[in-house]
Amino acid sequence: MPTQSNLYDVIVVGSGASGGWAAKRLSEAGLKVALLEAGRPQSDKNFSEHTPPFALKYRNQAPEIVRKLRPVQSVFDVCNEYTQNWFVNDFDEPYTTPSDKPFLWMGRLRMTGGRTNVWGRVSLRYSDFDFKAASRDGYGEDWPLAYKDVEPYYDLVEKYVGICGSAEGLEHLPDGQFQPPMPLTCQEAVFANRVKAKLGRPVIPTRSANLTKPINGRGPCHFCGPCERGCITHSYFNAAFTTVADALATGKCTLISNAMAYKVLTDSAKNRATGILYIDRNTRQPHEVHARAVILCAQTQESTRILLNSATPQYSNGLANSSGVLGHYITAHIRSGGGTGEFPGLVTKHTISSPRKPVGIYIPRFRNLKNDPPYKKFLRGYGYEIESGIDFNFEAPGFGEAYKKAVREPRASLDVTGFGEMLPRWDNFLELDPQKKDIFGIPVLKIHFSDAENERAMIQDMGASAGEMLEAAGAKNIKTYAHPSAPRWALHEAGAARMGADPKKSVLNQFQQTHDIKNLFVMDASGFTSNPCQNPTLTIMSLAVRSCDYLMGEMKSNSL
Ligand SMILES: Cc1cc2nc3c(=O)[nH]c(=O)nc-3n(C[C@H](O)[C@H](O)[C@H](O)COP(=O)(O)OP(=O)(O)OC[C@H]3O[C@@H](n4cnc5c(N)ncnc54)[C@H](O)[C@@H]3O)c2cc1C
Ligand code: SF4
């Protein structure tokens, strides 16, 4: 078996949000890094944000063609005719679920940059309101860290990533190092002003990883719209052309693409991780790569899968799993409640190539806030992401001249989507499916995932409150939805190798270092002790940088 022995200080598995930052931080400090990535290299040549649909073979109008190989990935429309090859083939890399608990594991990228190629870019801080929620309402565990520990890393990451937004002075949604916010559209401004006036809820410009000012050779956004297809001006944050590019520019980091990590290699006698065994995607041959420390950044489910597949006689139920907690408490945001409404008269003309602002507005959490009495229906809370659009009236009735006229009547609308916190529960868990392997011969995950009463009540509230706010804003043709029993799907998974102060109840310490094996770290969202309603990636990146600084300190003092 080909081996690259003692070549590297650190192996980082995964080149997405967390892995990109780990590779950058460590290699810029002079460490030799091997960056293992299961997917192909990404390049500006693959970006198609300016390619019109008519230039494509199926005009991006044949979802059934995309569904053939990616029935799960294409449920979310960012996997489409433009981008389908960036995603896993669902048949080559399957997973299973119990028949009564369907779970749609979408957003499985196989390119340098991982999910940051297609993410929605909403970038929000957590606060002690989140980190210490258990102390306040009695459910679950507090995080083993506080806001003051992460704050300097939020600052550092935000300045580099480039996040547009506005300072609002909200205690539960701390302000950050913002670039100027994007201006609001007419219907956004009307909605924000009326909801604030009538219901007292702040509605703010979304804090988003889209540039409004140039930084580090990246240009400001020019409002072309489909960021999920790439960006030749590098105006949104994608690890492929930011953190990973910086890491490679140091000359200290080697990107090993098409490298599907199978397991962490260990020296049982010394209780140490020694490297990674991976399968080459193209040749299907196994390879070993060795280093002084190993960091998993493959995304929550994938990193947990690697640890479960790395079981040894000493750790028979998964590596670094003396607590037995590995795989349990997985959470993901709930998103099945919201609404839409129209704002007639706010727009007079629309063209196919009108500018498209890629950033909307946001309603921060308003339930169960610090000085309010506890909301009776559920614990914790949710926020809303709101996108506005102007479109032709494709649903106009009739035919002939009358239809042609009616269809050109532009419609200004708002989509209001709730993003809610899910409570971590032991019975939501990941395990290996003993019956099934992927095309590389690696055992796959069986995902046990379902909502409980708290989530169902929150989804109902999301739908009802969306209607209330659209009403208050004077919207017409309001439609709301709340689907508490819809098949579970998610993009913000977290918590399957939770952090904690007590090694008996957690897998990682506050620096995302496994309690059991000192030179093994997991720096994606696996460690999240809870999954607050704000989008997770800004916190994923900030904690990864913090944990890398700790790792380097430990290396310097020869503690690793
Ligand atoms: C459509 C969409 C919209 C989103 N919108 C937002 C948003 O608005 N705000 C927000 O905060 N978050 C958003 N997210 C989530 C965000 O993208 C993730 O939280 C973030 O990218 C996770 O970072 P990560 O480093 O854990 O994993 P990723 O960024 O997914 O990177 C993991 C990498 O590991 C690689 N990998 C996996 N398994 C292996 C293996 N065995 N061996 C080697 N490599 C492996 C993958 O190929 C991938 O490149 C969105 C996600 C999607 C899909
Ligand atoms: S909308 Fe802005 S960030 Fe998105 S692809 Fe276009 S220029 Fe890039």
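How many bridges pair strand E16 with strand E17, and in which sense do the two strands run? Strand E16 (residues 429-437) and strand E17 (residues 443-448) are joined by five bridges and pair in the antiparallel sense. Strands here are DSSP runs labelled E of at least two residues, helices are runs labelled H or I of at least four, and both are numbered from the N terminus; two strands count as paired if DSSP finds at least two bridges between them. Lys437 has Pro443 of E17 as its bridge partner. Together E16 and E17 make a hairpin with five residues between them, and in that turn Gly441 shows a positive phi of about 85°.

A word on the model itself. It is predicted, so to speak of local features a pLDDT of at least 70 is needed, side-chain atom pairs count only at pLDDT 80 or more, and totals for chains, interfaces and linings use all residues. Residues are numbered from 1 along each chain as its sequence is written, chains are lettered from A and ligands numbered from 1 in the order in which they are written, and side-chain values use heavy atoms, with hydrogens and water left out.

Next comes the open sheet. Six strands line up in the order E6-E13-E14-E15-E12-E18, with antiparallel pairing. Its edges are strand E6 (204-205) and strand E18 (476-482), each pairing on one side only. Strand E12 (residues 337-342) is tied to E18 by five bridges, again antiparallel, and Glu342 faces Lys476 of E18.

Now for ligand 1. There are 37 residues around it (a heavy atom within 4 Å), and Ser18, Glu37, Gly120, Ala261 and Thr537 come nearest. Among the polar contacts (N or O pairs within 3.5 Å), a polar side-chain atom of Thr537 sits 2.7 Å from a nitrogen atom of ligand 1. Backbone N or O atoms also take part: one of Arg121 is 3.1 Å from an oxygen atom of the ligand, and one of Ala17 is 3.2 Å from an oxygen atom. Taken alone, ligand 1 exposes 980 Å², and the protein buries 97% of that (Shrake-Rupley method, 1.4 Å probe). E8 gives the largest share of the shell, three residues.

Finally, ligand 2. Residues around ligand 2 include Cys221, His222, Cys224, Cys227 and Cys231. By class, its shell has six nonpolar, five polar and one charged residues, where Ala, Val, Leu, Ile, Met, Phe, Trp, Tyr, Cys and Pro count as nonpolar, Asp, Glu, Lys and Arg as charged, and the others, Gly among them, as polar.

Terms used:
A polar contact is a pair of N or O atoms within 3.5 Å; within protein, one must be able to donate a hydrogen and the other to accept it, and residues adjacent in sequence count only if both atoms are side-chain atoms.
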